[in-house]
Amino acid sequence: MLKDAAKFEPKIVAFCCNWCSYAGADGAGTARKNYPANVKIIKVPCSCRVNPMFILRAFQRGADGVILCGCHPGDCHYSTGNYYTRRRMALLMSMLNFMGVAEDRFRVEWVSAAEGAKFAEVMNDFVVQITALGENVKLRDLRCKK
Amino acid sequence: MVINNKERAEMLRQLAGTNVSLCIQCGRCSANCPVAWKMDVLPHRFVYELLNGGNVDVLLEAKSPWKCLSCFSCAERCPKGVSPAAIMEAVRLTHIRAQGNNKLNPADLENYDDKMPQQAIVAAFRKFNK
Amino acid sequence: MQKIGVFVCWCGSNIAGTVDVAAVVEAVKKIPDVAYAVDYKYMCSEEGQKIIKDAVEEYGLDRIVVCSCSPRMHEATFRKCAESIGINPYMVEIANIREQCSWVLKDVKVATEKAIQLAKAAIAKVRFNNPLHPGQSQVVKRALVIGGGIAGIQTALDIADAGYKVDILEKEPTIGGKMAQIDKTFPTLDCSACILTPKMVDAACHENITIHTYSDLEAVSGYVGNFDVTIRKKARSVKADICSGCGICTEKCPARKTPSEFDEGLRNRGAIYIPFAQAIPKVPVIDREACLKFKTGKCGVCSIVCPNGAIDYTQEDELITEKYGAIVLATGFELIDLENYGNLGYGRSKNVITSMQLERLTNAAGPTEGHLVCPASGKEPKSVVIVSCVGSRDTSGRGKTYCSKVCCMYNAKHAMYIREKYPNVDVTVFYIDVRTPGKGFDEFQRRAVEEYGVHYVRGQVGKIMSDKEGNLTVFASDLNSGRHLMLNPDLVVLACAVKPAKDARKLASMLTASIDTNDFYVEAHPKLRPVESPTAGIFLSGMCQGPKDIPETVSQAGAAAAKVIGLLAKDKLMTNPCTAKCNEQICSGCLTCTNVCPYGAISGVEKEVVTLNGTREKRVVAVVNEALCQGCGACTVACPSASMDLQGFTNKQILAEVDALC
């Protein structure tokens, strides 16, 4: 372990689609469902806007975990966006595996606008999971840090 | 050591392991109970008294836990997933523990139907051992 | 050099209670290009907006970051504010430090740190914001209302009265919905049909309203102002234009084994039937699954007796396509199935009925012409038990978690009119809580007790047994006295929970309208936009959004109509400028993007482009039709040359956010 596990605060980036998961995150807030501050959300119009490049960049910059949340399959605001996400991220998953990044560091979850409690639950669980995995060093490129 | 009502309620809650704060006090548990007509304190009271810091003595002095069949129809029909049967069991356990010895003989268990809920078996032993 | 202004909102104590807003201001001030930063109690207020405006003028700001509540809440407010002082509205970014920070964190230090990071990410993004200009799209001046119950009828009437064309789409053979089945309405006890049927006639006669009954939504495409809808008009097997509605066919039909849906199974109907006498349109429909002609080929009685020759066994489903500017969902409700409540004996004893069945039993137009009888014996009951909360407020997974809202009132109504018509019948209502908020509602319920002598017992029914003779035994509890009760009523009425219509979820998918875990449609904002779906151009009316009684449904129907009228009154709509844009310089013309676009907004066009090394050449490049593009961004990821980018969410912007957060 590079750092003391008790003090390790993972950096987690969450990409949330505007129509379901971002609203779900708002729902978690409105219902005061706590989840750790480690999770920082980036809003995208649809989960299919998330280029695998963004995720790799996050890992390269030192993120310890990345989570991508979209509408449930079939409920995409743009009808088919999350189907693309599902296929693309399955590929990315195997690519991360190939590169030696633990698959568990990246997760795709479907959270609807009504599932504030689920959002908080997923985030809590993911933070626990990433904390257990420890710091991500595999893709990290120190040149990225000024 | 004197244990006050609040602490005893907490002990019972812990022993029962069912979340009484979910109760909406509808009374379906008492309505469903096949031996309710034999009971001096109806099952819903067992939840209610634990919920609002009520009188635990009523529960400990009640005869109902010894009439209870542990059939779980109260828990089964509860719209909120509370188990009054578990509280009945907790009350029985409180009595047995106070008594100091438990005559449960594991060897006797072989003759029982293995489909019977575990708690029902244990509860039956407690009742017969009182 | 850029000049960024950062405005940190306290939101009263909502943010300031957990986030040290002054520390956020201090932290962002140190970031290069931040020309001004300030905190204020309520940024969204007029005073708060004035602070923004003054700062823009004084410091010459060109980009604005507001650290406040969710952009879903006030992004529009701050964009408008920016526009009013000459800054392009798309130069504004929101850092959500309320829903994502102060409301989910308890520790001030942690929350402040996160708020600073979120602010930094927003600042990083705003650097790459470009002014965007919305395009315009036409509005089709026609609305579609899905559902022909009281909610749909009222919405359609209100829109039609304002002078716009409306189509009502109803899946049943007639409009009227559940209200047509009801006998009397609370709290006035006036006859439901007497107030509904005139409205049905109004809708049918209105020059601006077209009614499609026995029809389903087949397909929807398009967007706010321009929906393309295909409606499947199911084959009635009766020519509606020739049929006079005399009803001879329905009387003579020999296949009479199908329980009438309208009478809740209390009597049978023919295979050819009109649901009820006041149906609109009063044209029968043949239920092909029950019809002997369709099943065996031998019958045809209806076509023989029809004086007008209106029966047409060869009729086929018809597809109608139409353009609409707005769509209103008014799909209503149904009662839950009682399969999980076997202990209550429904289905085993005919004398255990649902509230809706009681409505039919007491209705003068019902199967017993309004005589209250036990369905099993046909005799008048001597005592009736009403059970409330059957399947409501149930988190065990058997029923619904919510309160169905209308049952307490209709239980009082049922108890009252049973006691009024049959003073010798004993009525006992078992309840958990009596919930009767509303004008004159509590008074109504009290009247049931005080004037009509209805017994209200605080407790619930556990099980209902029926012996060989059909005698019922009800086991119940009386919580106030702590007694266990055993009653022998002749009739038991179960006040079942309501649930959204079966196709609610399917429709939500077709219209990309949001739906909650109970299948109720989600409103854009629970308080401030209660009749709009988050999807632009889709509106909500009635029970499909949540449990409601008739007065509430009618007022929501009016509200939805007002929103639709507001939309249709516009000649043009501003379109979302966050559309995909192709960098033609590097586009290779592979057109992979056209395959992933769900809107067909991208096409390959041969045009002269300037290449990266400055030469001109003619080749095929992808061109985005901004009116069609909805801005999902699927194409940006599919593009192998990264020439496709999404305005407002460009690669640069998102990567800047990633960099700021990691």
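# Exercises on a predicted three-chain model

Five strands of chain C make up an open sheet in the order 10-7-6-18-29, with parallel pairing. This is a predicted model, in which local features need pLDDT of at least 70 and side-chain atom pairs count only at pLDDT 80 or more, while totals for chains, interfaces and linings use all residues. Residues are numbered from 1 along each chain as its sequence is written, and chains are lettered from A and ligands numbered from 1 in the order in which they are written.

**Exercise 1.** Work out which strands are the edge strands of this sheet, and describe how strand 18 and strand 29 of chain C pair.

*Solution.* Begin with the terms: strands (E, at least two residues) and helices (H or I, at least four) are DSSP runs numbered from the N terminus, and two strands pair if DSSP finds at least two bridges between them. Strand 10 (209–212) and strand 29 (538–540) of chain C each pair on one side only, and these are the edge strands. Next, strand 18 (residues 326–329) of chain C pairs with strand 29 of chain C in the parallel sense over three bridges; within that strand 29, C:F539 is the bridge partner of C:V328. Finally, neighbouring strands of the sheet are turned against each other by 20 degrees on average, direction ignored.

**Exercise 2.** Find the strands of chain C that helix 15 of chain C lies across.

*Solution.* Contact here requires C-beta atoms, placed from the backbone, within 7 Å; axes are lines fitted to C-alpha atoms, for helices over the stretch in contact, and angles run from 0 to 180 degrees between N-to-C directions. Helix 15 (residues 550–568) of chain C lies across strand 6 (142–146), strand 18 and strand 29 of chain C, and runs at about 170 degrees to strand 18 of chain C.

**Exercise 3.** Describe the side of chain B that touches chain C, and state which element gives the largest share of that side.

*Solution.* The contact draws 18 residues from chain B and 19 residues from chain C. On the chain B side, helix 2 (28–32) and helix 3 (43–51) each supply at least two residues, and the largest share, four residues, comes from helix 2 of chain B. As for confidence, pLDDT is the predictor's confidence in each residue, from 0 to 100, and among the elements of chain B the highest mean, 95, belongs to helix 2, whereas helix 8 (residues 118–129) has the lowest, 68. Where pLDDT is low, the predicted coordinates should not be read in detail.

Notes: Contact = placed C-beta atoms within 7 Å.
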